[in-house]
2 protein chains.
Amino acid sequence: MNSSPPAPSIVVLAGGVGGAKFVLGVREAARRRWGGAGALTVIANTGDDAWVSGVRIQPDIDSLLYALAGVNDTVRGWGRADDTERVNAELVAFGAGWPWFTLGDLDIAMGLARAGWLREGLPVSEIVARLSRRWDLGGVRLLPMTDATVETQVVTVDGTMHFQEWWVRHRAEPYPLRFDNGPIASAAPAPGVIDAIAAADVVLVAPSNPIVSIGPILAVPGIAESLAIARARVVGVSPIIGGNVVRGMADACLKAVGTPTAADAVGLRYGARGRFGAYDRDARLGLLDAWLVAEEDAALAPGLSDAGLPTIVAPLWMSDLSLSADLADAALTAAGL
Amino acid sequence: MNSSPPAPSIVVLAGGVGGAKFVLGVREAARRRWGGAGALTVIANTGDDAWVSGVRIQPDIDSLLYALAGVNDTVRGWGRADDTERVNAELVAFGAGWPWFTLGDLDIAMGLARAGWLREGLPVSEIVARLSRRWDLGGVRLLPMTDATVETQVVTVDGTMHFQEWWVRHRAEPYPLRFDNGPIASAAPAPGVIDAIAAADVVLVAPSNPIVSIGPILAVPGIAESLAIARARVVGVSPIIGGNVVRGMADACLKAVGTPTAADAVGLRYGARGRFGAYDRDARLGLLDAWLVAEEDAALAPGLSDAGLPTIVAPLWMSDLSLSADLADAALTAAGL
């Protein structure tokens, strides 16, 4: 009785918690339209990665994995549901780790498994694949953007610090001058990333932080270039609604690059495909075939379209799975599906 | 009202669980005699060290630390009291680590703190000092034998494997041909080790496994040599009672070196000080000024003394702290204190 056409190949570029909500929406929208996720690949930011004592965390990968597996803590908004903090309390008692960065026991277990496999020499992408096999992710394949270590350092007026220190410990308050992903100019996309982009029918840019989540993905040499020549239509979703960030502190990141916290400014920073854009590492390539903004920003749409970026007004609040799926559906429609 | 003379400087060479019982006895005996532990230094074996997934364990150091701090699990005989295994269950679910090697959450926390500090480049001895500061150890200073990584590999008829794999996974069953501590010939004693031996009034060799616990300590270049010229008297306690090992599987280790499981054979393998001994890495230096054997082995004492190793019969069963202290007291007496 299922006569749905085959699902297209979808790629999503995503950061952590917000990206995860969007990816769940895409998976749900694909189920509605085609009865399954089909070939849905998420390319995740790894700039947030960090060592916390002996634990290797990949916050965006971990958030995506937990959400896709349905084991995320939806009340607290991060980590595993029903987690405890026994190990963390011990680390604090020993004076180890970051006292301002709390990890649950189940979170620590995953970061420990990762640390152990890194010690054995496994690449990050293989480790993500191993961790993913633990659960049924509903057909979604999760890829790190690169196997290289390109942790974001924040150069602030108070000195340079790891992104997590700036973000979690200092609540993004030290004024950021720039973000530095170290050796990213010599990093390679992880295995599967370029192939997924080349095979995609649509590429969706999640409403994640454009500077420290989507930014590092596009800064891995080869990714922006393959998006520029991909046959897929590329559709972005604004992380800014009515001049405010929906979650996190993206405004603190935007000010480092002189971009206003506004849906039009962020859209133009990504840039229209085939036109100038500021978003690849050499500031050459525009990214987007279409840009979704909220009803609160409807007044910005004509100007954006006039500027060469086709802009669609859509319901951007992902308050529950159904609304996230509605947003994802609008993005798929904007991609011509 | 305390007019005890000052406590002497005592050094104990020790392995893990059995070594910890003996060290507690020495601390208690020193309290009885001198009102405190004085300068009591434990030089611990690190040949059992291992990575379990991302956790760095030092089983002998950990057992000594837990016992000295009074947080050890005395029922189970290893690990921390009131521990849980939440993280371990997760590691198993991910297929990480060794499924035959279970670690408690509190154990994992300490091994994680250690792994984190190793990543930061701290030497093992500094890490042991940091971990020791967590608790009141009653005046005992715990030193690893070396900062170098010299994990014991067991060459067996079934192939070469890590000591923990041979011991825990295979119950020491594959016939051992020899034990190999890798680069130990170029290892240096940890800071403080040689100074403690030189300053000691007495050196006690705990009734630990003579091959894989005491053996690696004496194989670190400089330790056997400094013992040979130390002003301290060196007193050993037999780990064999009535032809049986008191705990563990020391007999499985002894057969690799062709030494019978007997109090006289082990004593002569350590050797009389100033005479030939098999125990340093070049099989040159005898270790002991005196050797304590159990009442069950009293018949062996005259022959040992005739062979040049002064042998004393003492109560060797460490069934409780009071008996362990009695044994330690006998060892101190044998050292002329």
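**Salt bridges, symmetry and an enclosed helix**

At 30% relative accessibility, B:Arg76 comes out as partly exposed (buried is under 20% relative accessible area, exposed over 50% and partly exposed in between, with a 1.4 Å probe and protein chains only). B:Glu85, at 40%, is partly exposed too. The side chains of B:Arg76 and B:Glu85 meet in a salt bridge, with 3.9 Å from N to O (a salt bridge being a side-chain nitrogen of Lys or Arg within 4 Å of a carboxyl oxygen of Asp or Glu). Over in chain A, salt bridges with shared partners link A:Asp73, A:Arg76 and A:Glu85 into one network.

This is a predicted model, in which local features need pLDDT of at least 70 and side-chain atom pairs count only at pLDDT 80 or more, while totals for chains, interfaces and linings use all residues; side-chain values use heavy atoms, leaving out hydrogens and water. Residues are numbered from 1 along each chain as its sequence is written, with chains lettered from A and ligands numbered from 1 in the order in which they are written.

Across all chains, the structure holds 32 salt bridges. One of them pairs the side chains of B:Arg134 and A:Glu90 at 3.0 Å, N to O. B:Arg134 sits in the loop between helix H5 (124–132) and strand S5 (140–144) of chain B, and A:Glu90 in helix H3 (residues 86–94) of chain A, so this pair joins two chains. (Helices, H or I with at least four residues, and strands, E with at least two, are DSSP runs numbered from the N terminus.) B:Arg134 is partly exposed at 24% relative accessibility, whereas A:Glu90 is buried, at 8%.

As for the two copies, a rotation of 180° with 0.0 Å of shift along its axis puts chain B on chain A with an RMSD of 0.0 Å (least squares on the C-alpha atoms of residues with pLDDT of at least 70 in both). They are thus related as by a two-fold rotation axis. In chain B, the C-alpha nearest that axis belongs to B:Gly54, 3.4 Å away.

Helix H11 (residues 263–270) of chain A has six of its eight residues buried, so the rest of the structure largely encloses it. Among the buried ones are A:Val266, A:Arg269 and A:Tyr270. Their cover includes strand S9 (202–205), helix H8 (214–219) and strand S13 (290–293) of chain A. After H11(A) comes A:Gly271, with a positive phi near 85°. Further on, the side chains of A:Asp289 and A:Arg273 form a salt bridge (2.7 Å, N to O). Both residues lie in the loop between H11 and S13 of chain A, so the pair ties together parts 16 residues apart in sequence. A:Asp289 and A:Arg273 are both buried.

Methods. Contact means heavy atoms within 4.5 Å.
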